[in-house]
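Colleague: I am new to this structure and would like to learn how to read it with care. Could we look at it together?

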Amino acid sequence: MTSLRILALAAAAVTAVPAADPLVHASELALQARERSRLCHVHDAFRLLDAAIRETGAVPGDTAATLLARLEAERLDLGARSREFQNAQRDAKRLLAAARVESAAARLAAYPECAPEEHAEIERRRVAARAWTQRGGSAASVDAPGFYRQAALEDCEMPGLAAALENARRRAAELPCRGCAISRRVVLGVALAGGLGAGAYYGYRYWERRQHRLAGAAY
């Protein structure tokens with residue numbers, strides 16, 4: 001007989017025994033502990049189970065002994081589940097710090113009611129990554145890779161992001177080299193300016209020497 005069935009049968013017996021029956025009360029406490037555990041209120045669950053174990057242990061008889069064994073097993077199981085959740089929460093925090101949002105979500109999938117801060121951070125990063133990819137999809141080809149890289153900083157595991165970034169990089173690489181064209185225009189402009197300046201300078205020196213020669217011939 002499973003622990004849950006024993007607890008349910010004992011709780012149902014409340015209609016046939018006085019309300020003060022310790023086994024019935026212990027069973028009710030154990031069911032409350034299970035619900036508190038489901039909602040990730042582990043300390044409350046332990047407190048309720050410990051109270052149920054104390055009440056059951058004070059009652060003689062085979063029924064009490066069977067229920068006590070089940071309650072103690074339930075407490076051990078609660079401790080194991082608590083440790084598993086703590087490990088999952090620690091892993092999720094580490095994964096979120098590395099922007100591995102999908103892995104963090106998978107790690108916490110078994111605990112939908114637990115770790116509210118981590119679940120909220122997962123959703124925030126997903127929303128931010130979607131916003132950056134939308135901007136990348138509507139941006140000019142030369143600017144799109146930057147938006148996709150920003151998305152990767154939020155959620156580097158976002159489905160389809162790696163392919164979108166690669167395509168954006170390829171399109172940007174196929175564009176004419178704007179920087180090269182600008183550099184050529186700058187160099188040409190400097191050369192022209194320098195040539196004009198040099199021409200003006202040497203033209204003035206030629207005129208100055210000619211004026212000196214004319215003045216010498218006049219004397």
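Modeller: Let us begin with burial: a residue is called buried under 20% relative accessible area, exposed over 50%, and partly exposed in between, using a 1.4 Å probe and protein chains only. This is a predicted model, in which local features need pLDDT of at least 70 and side-chain atom pairs count only at pLDDT 80 or more, while totals for chains, interfaces and linings use all residues. Residues are numbered from 1 along each chain as its sequence is written, and side-chain values use heavy atoms, leaving out hydrogens and water.

Colleague: Is L71 buried or exposed?

Modeller: L71 is buried, because its relative accessible area is 1%. L71 lies in helix α4, residues 62-97, where a helix is a DSSP run of H or I of at least four residues, numbered from the N terminus.

Colleague: What does E154 touch?

Modeller: Contact means heavy atoms within 4.5 Å. Leaving aside residues up to four places away in sequence, E154 touches A99, V101, R124, R125, A128, A129 and W132. E154, in helix α7 (residues 144-154), is buried at 17% relative accessible area.

Colleague: Where is confidence lowest in the chain?

Modeller: Confidence is given by pLDDT, the predictor's value for each residue from 0 to 100. Its mean is lowest in helix α9 (residues 178-218), at 44, and highest in helix α5 (residues 101-107), at 97. Over residues 179-204 pLDDT stays under 50, and the model has zero contacts there beyond four places in sequence. Where pLDDT is low, the predicted coordinates should not be read in detail.

Terms used
Helices (H or I, at least four residues) and strands (E, at least two) are DSSP runs, numbered from the N terminus.
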